[in-house]
Amino acid sequence: MFLSDPSKYRHQMLIRINVFLALVIGSSLLLLGIIYCFASNNDISKHEFQVSNKKEFQLFRTAESEDNTDLINKLKRDLATANEKIEQLENKMQGFEERIKKPYPNVKYLNYRSKKRILVTGGAGFVGSHLVDKLMKAGHDITVVDNFFTGVKANVEQWIGHANFELIHQDIVNPLFVEVDEIYHLASPASPPHYMFNPVKTIKTNTIGTINMLGLAKRVGAKVLIASTSEVYGDPEVHPQPETYWGHVNPIGPRACYDEGKRVSETLSYAYAKHEKVSVRVARIFNTHGPRMHMNDGRVVSNFILQALRNEPITVRSTI
Ligand SMILES: NC(=O)c1ccc[n+]([C@@H]2O[C@H](COP(=O)([O-])OP(=O)(O)OC[C@H]3O[C@@H](n4cnc5c(N)ncnc54)[C@H](O)[C@@H]3O)[C@@H](O)[C@H]2O)c1
């Protein structure tokens, strides 16, 4: 076929060469375009990087050159304030932790057979709070009832929140309904300035209050201990006083509200024991002193201690 028409053959060859050249040139141009694009993109990011670096460098230079010492001093002051605030916060946190973490004194474990439910009236007072400590440590369930006339919560705060402990703010002149196995009835002001402050109230506490406690004991079948006093002997003519001594009391004297109140309290206890078969104990407490005692107790030994602590002359009274 070629040999038959050489001019035709030349024409076809020329066409092929042209197409080949067009392809080579086209793809070269395309390649160049791609390379250019990549190169220009790189140039942009490089430029941006240089610009941002330049800015930081400029800022740094400004700070360094302008007011270097002022800036450092300001930073130092800020740091000191921050440290002060951190210290304040740490102290606050420590205070909170101390309040939250409450290590109770050790309490014995008792099973349900030996664990008793015990009510202590006047349990926030001096004698009562020590009794509460003893009973709590022995592992019993304790309920304290107090009107805080002379007692304070601080005396029993070591037990507040404990599973075995409950504090009721109530006046025992009002009836109380709780299920208990034992009652320690100590609620009554004990020192002359306190029981003479409101004589009628003192009599009510020792009579109506005692009836309420004995009535409760009768209803729930609880044992009761009544805190009486050596004051039931009044102004005694016998020394020391045996339990058989009936006393020498002025029923209308300044101390009568307490002396007679406690005497009625004892009479009530024996009446409930004899006629209602309530298991009653009466403890005649003589002057007792110790930690948690009221500052204004007003009795001789505590007065001596207070005056000594205040570096004041010690007062000794005498009838001679
Ligand atoms: N401390 C002594 O030397 C002494 C001596 C003899 C008898 N006592 C008797 O022992 C008991 C305790 O005496 P104390 O020295 O602990 O006295 P205290 O004053 O420290 O305690 C008496 C507690 O009874 C509370 N109370 C008073 N009236 C109340 C009422 N109507 N309702 C509820 N709570 C009331 C008080 O707030 C206080 O917490 C008293 O009955 C007292 O007569 C004490």
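In which loop does arginine 292 lie?

Author: Arginine 292 sits in the loop between strand S6 (280–285) and helix H7 (300–309). Helices (H or I, at least four residues) and strands (E, at least two) are DSSP runs, numbered from the N terminus. Residue numbers start from 1 along each chain, as its sequence is written. The model is predicted: local features need pLDDT of at least 70, side-chain atom pairs count only at pLDDT 80 or more, and totals for chains, interfaces and linings use all residues.

Start with the backbone of arginine 292. Its phi is near 75°. That is a positive value, and arginine 292 is a residue other than glycine. Now its surroundings. Arginine 292 has 17 other C-beta atoms within 10 Å, so this residue is partly exposed. A buried residue has 20 or more such atoms, an exposed one 12 or fewer, and a partly exposed one a number in between; C-beta atoms are placed from the backbone.

Is phenylalanine 148 buried or exposed? Phenylalanine 148 is exposed, because 12 other C-beta atoms lie within 10 Å.

The peptide bond from histidine 239 to proline 240 is cis. Its omega is near -20°. Proline 240 belongs to the loop between S5 and H6.

Next, step back into S5. Valine 224 has its place in that strand. Why is valine 224 called buried? Valine 224 counts as buried because 24 other C-beta atoms lie within 10 Å. Which residues touch valine 224, neighbours within four places in sequence aside? They are Ile183, His185, Met213, Leu214, Ala217, Val278, Ser279 and Val280. Contact here takes C-beta atoms within 7 Å. Valine 224 and isoleucine 183 stand 41 residues apart in sequence. In space, C-alpha to C-alpha, the gap is 4.7 Å.

Leu214 leads on to the helices. In H5, Leu214 is one of the residues that meet helix H6. Others from H5 include Pro199, Ile203, Thr210 and Lys218. On the H6 side, the partners include Cys257, Tyr258, Val264, Leu268 and Glu276.

Now the ligand. How many residues surround the ligand? The shell holds 29 residues. The closest are Gly122, Gly125, Val127, Thr150 and Gly151. A residue is near the molecule if its C-beta atom lies within 6 Å. Helix H3 (126–137), helix H5 (199–220) and strand S5 (223–229) each give two or more residues to the shell. H3 supplies the largest share, three residues.

Last, the whole chain. The protein chain has seven helices and six strands. From the N terminus on, the elements run α-α-β-α-β-β-β-α-α-β-α-β-α. Of the 320 residues, 22% count as buried. Among contacts between residues at least 6 apart in sequence, 68% join residues at least 24 apart.

Methods
Two residues are in contact if their C-beta atoms, placed from the backbone, lie within 7 Å.
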